[in-house]
Amino acid sequence: MTIRTRLTLQFALILAVTLLLFSLVIYYFTYHSRREFFSESLFARARIVAHVYLDGTNRADEESRASYRRYLRQFYRTLPEEEVRVFDAHNRVVFKEGRDGREQIPQELLRSVREDGREVLLEDDYRQTVGLLYRDAERGDFVVVASSVDADSRQKMHDLLTVLLSGLLASFVIVGIGGFFFAGQALKPMQRIIQEVDSITASDLHRRLSQADGQDEVSLLAQRFNSLLNRLETAFAGQRTFVRDASHELRTPLTAIIGQLEVALLQQERTPQEYRRVLQSTLDAARLLKDLTNGLLQIARASDDPSQVPRTLIRLDELLLQAHEEVHRRHPTCRIDLDFREPANNRRRVPYGVLGNEALLLSAFLNILENACKFSVGCTEPVVATLTASLTQIRLEVRDQGVGMSEADRQQVFVPFFRADAVRNVPGHGIGLPLTAKIMELHEGEVHVESQLAHGTAVTLVLPAAVI
């Protein structure tokens, strides 16, 4: 079922229930109002009957009383199926006029009238019977029972019921048609968005939805989708750049390997020393290819869903010592000074503890330490790694006094395979800092780079401290 049909049915159902309840209220109050009005009319008739009857019976001569009774009987023939009975103090009928064949008046009704003064009895088909106690100082108490059919209310209530049902049915049809039309009008922006989304492909991710300039829900949806398109466009552009640069970087060592082997195999015989040189050159290119491949795999791993990366409690001071030992093995001539700082009021059981993935964090530490060593070749000043622990975060700052970089190059250091102009002669692939940034993002941390050309570089890693 479409949203348009669902909205139409829901709106029609709500209105139908509302109109039905409203019609029931109108019918109920109209019925009770007419019933009470007719009851009061019967009570008024009963009072008049009692007064006229007693006035007639008090006349002196029989001829006058007979004439009065004839007048009284004519007076009672004005209501549909009307009848009246007057009972004396012993519940004997002293006056009766109206239709014949009616059952006897229930004694309970007479007793209730004598106790309460008046009583109303509702019967089928809009018939009402009322009883009224009439007190006379000379002749005692009389009970006047009047009964009639409210034919006018019966007809009017039937007409009202017909009008209400017809109006309810007509309103349901009108609301259904109108609701279907207006639901379609309200959903037109959604249909336009669907058409625009269907027309956007991977080759034109620069296009945006046109319904994002309002404040309604459809505009907010279009704005969110445009934000998603922005992220997709950025991701696709980054992927294309990554694939292009990765292909270029992978092709360089492969070309070197193939060239060396072709020279060694296709030309004249060479001495063992020359073959050894070719093999050494090929081995170096293969190692370069391995390092590049490992770096690409690490970037792909660091780009995984953070919830899928296993995390444990890690001591960064121990991890920094491990990274220091590995970098010293790779670069034995590079001097790295370690500085561990911890505030005096730090009462955590593990001062430098964080929740993270040990392999990824070790790779991040190795990247910034090894970069500092590579870019400080020939510098007499040591590389200084400072690990600082506070109550909420742990910071590692690695500062060197090497070649540094310009501000324009610094802004590009997190782009994969980017190499600054000042360090193009230094071996590397330009994936160390991008990989470190990915690892920090996975651990909800930050990485900051400060550099000045010919005055060195400082890389700072900030990680949230484990709550222990």
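Residues are numbered from 1 along each chain as its sequence is written, and side-chain values rest on heavy atoms, with hydrogens and water left out. Because the model is predicted, local features require a pLDDT of at least 70 and side-chain atom pairs count only at pLDDT 80 or more, whereas totals for chains, interfaces and linings use all residues.

Four aromatic pairs are present in the structure. Rings of Phe, Tyr and Trp (its six-membered ring) were taken to pair if their centres lie within 6.5 Å; planes under 30 degrees apart count as stacked, those over 60 as edge-to-face and the rest as tilted. One of the pairs is formed by Y31 and Y126, with 6.0 Å from centre to centre and 75° between the planes, an edge-to-face arrangement. This pair links distant parts of the chain, 95 residues apart: Y31 belongs to helix α1 (residues 3-57), while Y126 lies in the loop between β3 (118-122) and β4 (127-136). Helices (H or I, at least four residues) and strands (E, at least two) are DSSP runs, numbered from the N terminus. Residues are called buried at under 20% relative accessible area, exposed at over 50% and partly exposed in between (1.4 Å probe, protein chains only). Y31 is partly exposed, with a relative accessibility of 29%, and Y126 is likewise partly exposed, at 24%.

A further aromatic pair consists of F340 and Y352, which is edge-to-face because the ring planes stand at 70°, with the centres 6.2 Å apart. F340 is in strand β7 (residues 336-341) and Y352 in the loop between β7 and β8 (353-356), so the pair ties together parts that are 12 residues apart in sequence. F340 is partly exposed, with a relative accessible area of 35%, whereas Y352 is buried, with a value of 6%.

With a disulfide defined as a pair of cysteine sulfur atoms within 2.5 Å, the count is one. The bond joins C334 to C373, with an S to S distance of 2.3 Å. The link of C334 and C373 is left-handed, with -80° about the S-S bond. C334 is located in the loop between α8 (316-330) and β7, and C373 in helix α9 (residues 358-374); the pair thus links distant parts of the chain, 39 residues apart. Both C334 and C373 are buried.

C379 is partly exposed, with a relative accessible area of 26%. The closest cysteine sulfur to that of C379 is in C334, at 9.6 Å, which is too far for a bond.
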